[in-house]
Every structure is written in C-alpha cells, then in structure tokens.
Amino acid sequence: MSFAPSTARVMPNNVMNTPIPSPQGASGDTTINVNGIPSGANATAGPGIRRRDRQGSFGGSSRAKVLRPFNTANIKILLLENVNETAVGALRAQGYQVETHAKALAEDVLMEKIKDVHCVGIRSKTKLTKKILDAAEKLGVIGCFCIGTNQVDLEHATSKGIAVFNSPFSNSRSVAELVIAEIVLLSRQLGDRNNEMHQGIWSKVSANCYEIRGKTLGIIGYGHIGSQLSVLAESMGMRVIFHDVAPLMPLGTSKQVHSLNELLEKSDFVTLHVPETEDTMNMIGENELSRMKQGSFLINASRGTVVVIPALAKALKSGHLGGAAVDVFPKEPAANGKFFESELIGCPNTLLTPHIGGSTEEAQSMIGVEVSQALIKFINNGTSIGAVNLPEVDLRAIRDEENSIRLCYTHSNVPGVLLRITNILAEHNVDKQFSDSKGKIAYLMADISDVTPEQIQDIYRRVRETPTNIVTRILY
Ligand SMILES: NC(=O)c1ccc[n+]([C@@H]2O[C@H](COP(=O)([O-])OP(=O)(O)OC[C@H]3O[C@@H](n4cnc5c(N)ncnc54)[C@H](O)[C@@H]3O)[C@@H](O)[C@H]2O)c1
C-alpha cells in the first residue's frame, strides 16, 4: 500500500476542469478552477468570498455558515442495489445529481460509471475492489447502506483518502423485537405446533408451555440491541439480568451479574448480543450449556461463531434445553435457495431463521437516513464522524463570515506534519483546529478567518504540495 502523495486531489471540486456555474438563482460571477480555488470577478475583486446560497444547514445556529465551495448540482452520486428512498430523497434535496440502479452493476459497467462520480452508495453485493477504486478518478466518499463494510477494499480506499461510512446500529430495534417474539414462541412451542398443523396434525398440549411473565431473561452483551431488549422484556413482565465485559448502567430494574456462569445458572431464557471477537468465539459450548437450567431456552441473533452448534444440538435432543432460536450460523449460504445445512435441523422446539434479525423496512429506512446524512456532512462540511476508515474529526460550525474558510487535510500519519501545517497557517487567524490519526492516515480540520482570495490560493497550494498530502479540500 502506498501513502505516497497523490497528485493533488481535492474532493470534489478538483475534478471539475471547467468553471462551475454559480448556484441556482445567484448571479454568476464566481468560478472554481481545476484545483478548486475560487477565481473570477467576485473571487478576486471583493474583500472576501461571495456567500453561497443556503440549502439546508448542519450548523444548528442561525449564524452557522453553510460551507459550499462548489455548486451542489455538480456533485455526482451513484446509488446501487436499490438504496432506500430516504437516502435518494435526502441526497437529491441537497441538489446533487443522483443516479440510481435497482441492482448491483457488472464489473465493466461499474468501472465505467464510477469513473465520473464523487460518491458511490452500495449495499452488500457490490464489491469495491482495488481495481474498481483505481478506476474511480473523482471518488471522495463511499456510503455502505448496510451494517458491514467487508465488500470494500478498505485499506486501498484509505490510502486514497476515500472516506467510507456505514450504519452499524440502525437495525437494533428490529433485532430486539424479533427476540421478544422468539421468547414467546419458544415458551409456547409454537414452532413445533405450526409445523404439525402444516402436516395436518392436531396436537393440543399445554404441558411445558409457559407465560413469559415473571421469568428471568439473561442478556449476554448489553449494547445497542441488548439494552433495548431489556426495556421491551421488562415491559412484558420479565425479570432481566445481564452480563457484559464492561460495567454498564442497567436500564429499568435490570441487574448486571458478576459472571457469565451466574447468568447461565439463573436465567430461564439466555440471549446473546455480543460482537464476534476472539473472546466470544465458541463462548457457549458444552460446558456453558450444561450450566443452563433444565428446560431453559437459548437464543442467538448475534454472530454464528458464538455458539458451538453440535453442542447445542445435543442439549436440545437430550431435552436439557427446552428449545432454541438461532438466526446466525458459523457458515451461512451466500445466496437464497436450498443451501442450508445444520445439525440443528429437526431439533425439537428449535426456531431457525436465515439471518433476518435486522431485516425490516424500518431498518432499511433508518440506514438510508443515517448514511445519507453522514455523506452530506462529509461532502459539505468535511465531517468524518462515523467513518470506518478515517479518524473521526469534526469542528463546531464555522462563523458566518464571508472571508472564513475550512481546511480539510487528509494526510499520511508521519512525524512533522503538524509543524509544516503550523508554518503554513502561522500568519493567519486559525479559529479552531483539530487533528486525529488512525493507523497510517490522519485527518486535520482547521477553520481560518480573515483570509483574502489570494491567501486562500496560497494556503491551498502550500498544503497540497506537502509531501504527506493525500487529499486537500478548502470549504468556505
Ligand atoms: N441477526 C442480525 O440480523 C443482526 C443484526 C444486527 C446486529 N447483529 C449482531 O448483534 C450483535 C450485537 O450488536 P449490538 O449492535 O448490540 O453491538 P454493541 O457493540 O452495541 O454491543 C455489544 C455488547 O457486547 C459486549 N461484549 C463484548 N464482548 C463481550 C464478552 N466477551 N462478554 C460479554 N459482553 C461482551 C460489549 O461490551 C457491548 O456492550 C453483534 O454481533 C451484531 O453483529 C445481528
């Protein structure tokens, strides 16, 4: 991977090699040249830079400046795989050009389409490989409208200063609701009754069927999903205990227990909501299952590697467990169809679902909102909060003065960079500056006031020429 300074890239305005027309309705007198530097009558003659028109604000205050060094209509966005309408609407409302496709594109078509766009939005089927990223001459930001980012060559995107955003928590509620449903279904053996009825078998039983009121739910992992579930379960009359590696504030009357074993021994229902880590790999095996109460239930909608499936199948067949609901598996088929194999098939009172815990219309809609807002903030304001591959940097809104600018500098994380930047900015009024690093890359934002157009050009040129430059943008 090379962190050598790229040829100057300013996202997105560097890519525009013809003067940009003024924003809608404004008298057209400011242009932006190939390097994103304002030029033309207004830019050079006046005391400051002409204020851009306002289309939405991220500053929150009436005095917050909307940073817009480019005509938003020139920003090209490619959305693939039927990205939710909430995102399409939000991006179009900014005035960007948005092209949408219902499906993933074939590699050669994608290579051609991506060449010209500043931002691409994908879900899980589009693979943004090194080859495709290298074809993307103007790309500054990628939105993954899903949970994971495995489909993107993150290392290569990072080396090019391309920010990548996703939406890891938009479907928490959907998972929590599924687990509530499963608790009731398991407790009433509904999976088995349903199967029997579909085979024409009438089997009216009440033995070993229970209300969930008053039962103890043990939650392993009290994060976004676990804590929501806690509130829902209590509202249905359950007692909630939880185990987490971190000491956490319990919601409602739930209680954090001292150990995993304590949770396993006290719970009627055990549900897993931990991430996939070395520590959680095979976290629930034969030993842990044997510690669970006779006739209790296990639910896993977290990651497939957390539970040892053969041990679970054995505990279900022996009757030690009263049932289980499993949504995630160590090996999951890559496509829909008759591809699923597991030792759990045919186990008593066992609900099996194809990793649908987070798959709801509401979650898709939330993902659309969350990712599109992150993209807009990055394009318009330089904010990298929520990026998976860049350090997260933000500054409070820039003051609404015509001659203030924001410098956004993505650069290699090596010693001496800040000294160079300080030297360049030394004679200017730096209102605020923040810099952070993540591995080999670092990102600096600085707001500078009282600068003339000539000084802006000078700052831009000198920052861009630093040997550590990856992407330099100036917003104003
Ligand atoms: N089934 C689905 O469709 C679906 C959808 C969304 C999320 N998930 C999965 O659900 C899981 C939880 O998601 P989340 O958003 O609540 O995550 P989160 O990061 O908000 O919470 C995870 C919690 O687990 C705790 N934890 C980590 N290691 C632990 C350990 N060894 N023992 C006990 N606690 C531990 C963390 O401290 C944290 O509080 C993740 O694995 C995620 O991939 C599944």
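1. The residues of the shell around the ligand comprise twelve nonpolar, 14 polar and five charged. In this division Ala, Val, Leu, Ile, Met, Phe, Trp, Tyr, Cys and Pro count as nonpolar, Asp, Glu, Lys and Arg as charged, and the others, Gly among them, as polar. This is a predicted model, in which local features need pLDDT of at least 70 and side-chain atom pairs count only at pLDDT 80 or more, while totals for chains, interfaces and linings use all residues. Residue numbers start from 1 along each chain as its sequence is written.

2. The ligand is surrounded by 31 residues, and the closest are Gly221, Gly223, Ile225, Gly357 and Gly358. Two or more residues of the shell come from each of helix 6 (172–187) and helix 8 (224–235). Helix 8 gives the most, with three residues. A residue is near a molecule or strand if its C-beta atom, placed from the backbone, lies within 6 Å of it. Helices (H or I, at least four residues) and strands (E, at least two) are DSSP runs, numbered from the N terminus.

3. Domain 1 (1–171 + 360–394) and domain 2 (172–358) each supply at least three residues to the shell around the ligand. The domain bounds come from an automatic or database domain assignment.

4. Helix 12 covers residues 361–381, 21 residues in total. From first C-alpha to last it reaches 30 Å, close to the 30 Å expected at 1.5 Å a residue; the expected span is 1.5 Å times one less than the number of residues. Of its 21 residues, 15 are buried, so helix 12 is largely enclosed by the rest of the structure. Buried means that 20 or more other C-beta atoms lie within 10 Å of the residue's own, with C-beta atoms placed from the backbone. Gly382 follows helix 12 and has a positive phi, near 85°.

5. Ser159 lies in helix 5 (residues 154–159). Ser159 is buried, with 21 other C-beta atoms within 10 Å. Its C-alpha atom is separated by 7.8 Å from that of Ile470, 311 residues apart along the chain.

6. An open sheet is formed by five strands in the order 4-3-5-6-7, with parallel pairing. Strand 4 (97–100) and strand 7 (163–165) stand at the edges with a single partner strand each, so one side of each has no neighbour in the sheet. Strands pair if DSSP finds at least two bridges between them. Strand 3 (residues 76–79) pairs with strand 4 in the parallel sense over four bridges, and Leu78 has Glu99 in strand 4 as its bridge partner.

Methods:
Buried ≥ 20, exposed ≤ 12 C-beta atoms within 10 Å, placed from the backbone.
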